[in-house]
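Please look at the sequence and the model first, then read the points below.

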Amino acid sequence: MVWGTIIAAYLFLAGLSAGAFLTSSYSARRYPNSADVRIVGRLISPILMGIGLLLLILDAEAGLKNPLRFLYLFTNFKSVMTIGTYFISFFMMAAAYIALMELLKKEINKVIEYVGIVFAVATAIYTGFLIGVIGAVPLWNTAILPILFVVSALSTGIAGTMLGAALVDKKVIHQVLSIKKIHLTLLVTEVFLLFTMFLVTSSTNESAAQSVSKLLTGEYSAFFWVGLVIIGLLVPIIIEGLELFSYKKLSNSRAGQEVAAGGTSGITSTLLTESAVLAGGFILRYLLLAAAVPIIFL
Amino acid sequence: MARYGMMIDTRKCVGCYACRVSCQMQNELPVEESFIKFYEKETGIFPNVKNEIIPVQCQHCEDAPCVSVCPTKATYTTAEGIVLVDSEKCIGCKYCMVACDYGARTQNHETGVVEKCRFCSELVAEGKQPACVTTCISNARIFGDLDDPNSEVSRAIVRLNAQPLRPDLGKAKIYYVR
């Protein structure tokens, strides 16, 4: 494994950070009264991206010993990594500015926020392109992988933001119903994308088939089925689905509407779901790096 | 301008590792690091079986994926077609290691820089042959100018119908007789 846990954590954090930024921007527009979701999203976004970048620097040993070399990262426009460096730089600057303004309780420059939104999307998709363009690893070299990474980035971004918001204010999570609906849709989409990717990729060539069988039945199968499929996807889908279903039932009666609006129901299920989604997001990236089987050249 | 390449006749290779050792000495590599890897491939059905020993190093691809993915331009191709790493520019991100079709790159654990076969460019500049070629006990390796139809390597490639390991993957410049 050339790229291991550290890079998996970086890919995860970059996606999570971009997703949290987009969640906060969405929430700021859709729910101006539920400030906590917006604030949490805006604050965790640059922090998580910063941690991700530190991990990246730690993994790049030669650069760690000669930090000025990192400036060369901006030079090769043929490299997806160089393009990504620009994306992340712009995203990080916008996210840091917005977090700072949020802390100072000042008005946020709308243009910078839109720039942030564009580069948050770019950052999320870049993490997929980074490994997606590697022809030497057929498991990664698929058009669906960057899409899967974006969906996972948004889903973990929502999870991270909601988890933080729930810890700050128990009520707030019951007021942002559309975010929960989007989240459920993303999780179901992720299952579909994962299934499609494995089904199609496993028929590409021998290396790809080996990668897929490593995940489904081989050395990573326990991690895949329990960690990613059950904990990371099915558990959150079931809990979130049941929650949305009960909201629907609640809003059919007057008393129920008050309960829902008051947000008196607990946050246990939210904490559980969102933590599970975050775990799943990391496991997804770790497994895709771990199960990489290079093409056969002999 | 020359366009350097190599031919390796795997039928002559006995797997003695002399090329690997001389390469390590020429490049002053630590014992655990080497630019030449040995693979074995069994083919055929018993009793008609064959075991090939295939030494693999950087193939100096003309359209090298390592050159295009390297974010710092540390990896580059010289005018003579040799793919080199500028150790002063490499940050050790290992993107090239992931992208190399032949798993030909290693990371130096002291400096963190990613390294690989350099076709002994300093020897070649002096008109000499790479260390692996001069050391080979069975003359399995021939090095030279692929653009010169009369060079020893070009003629051997034609005569023995040598092919890159995976001609479909890109324009590798090491030709193998299998």
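The model is a predicted one. Chain A has 11 helices and zero strands, and 27 of its residues take part in the contact with chain B, which supplies 29 residues.

**Chain A as a whole**

- Read from the N terminus, the elements of chain A follow the order α-α-α-α-α-α-α-α-α-α-α.
- Chain A has a radius of gyration of 20 Å, close to the 19 Å that the globule rule gives for 298 residues, so chain A is as compact as a globular protein of that length.
- The C-alpha trace of chain A spans about 70 × 45 × 25 Å along its principal axes.
- Buried residues make up 50% of the 298 residues of chain A.
- Among the contacts in chain A with a separation of 6 or more, 78% are between residues 24 or more positions apart.

**Tyr26 in chain A**

- Tyr26(A) is part of helix 1 of chain A, which covers residues 5-30.
- Tyr26(A) counts as buried because it has 22 C-beta neighbours inside 10 Å, and the cut-off for a buried residue is 20 or more.
- Tyr26(A) and Ile179(A) are separated by 153 residues in sequence, while the distance between their C-alpha atoms is 8.7 Å.

**The contact between chains A and B**

- The contact is made by 27 residues from chain A and 29 residues from chain B.
- On the side of chain A that touches chain B, the elements that give two or more residues are helix 3 (61-65) and helix 4 (80-103) of chain A.
- Helix 3 of chain A provides the largest share of that side, with five residues.
- By residue type, the side of chain A that touches chain B consists of 16 nonpolar, seven polar and four charged residues.

**A strand pair in chain B**

- Strand 1 (residues 4-9) and strand 8 of chain B run antiparallel and are joined by five bridges.
- Within chain B, Ile8(B) stands opposite Arg141(B), a residue of strand 8.
- Strand 8 of chain B takes in residues 141-145 and is mostly covered, as four of its five residues are buried.

Terms used
Residues numbered from 1 in each chain as written. Chains lettered and ligands numbered in written order. Predicted model: local features only at pLDDT ≥ 70, side-chain atom pairs only at ≥ 80, totals over all residues. Contact = placed C-beta atoms within 7 Å. Nonpolar A, V, L, I, M, F, W, Y, C, P; charged D, E, K, R; others polar. Buried ≥ 20, exposed ≤ 12 C-beta atoms within 10 Å, placed from the backbone. Pairing = 2+ DSSP bridges. Rg over C-alpha atoms; globule rule 2.2 N^0.38 Å.
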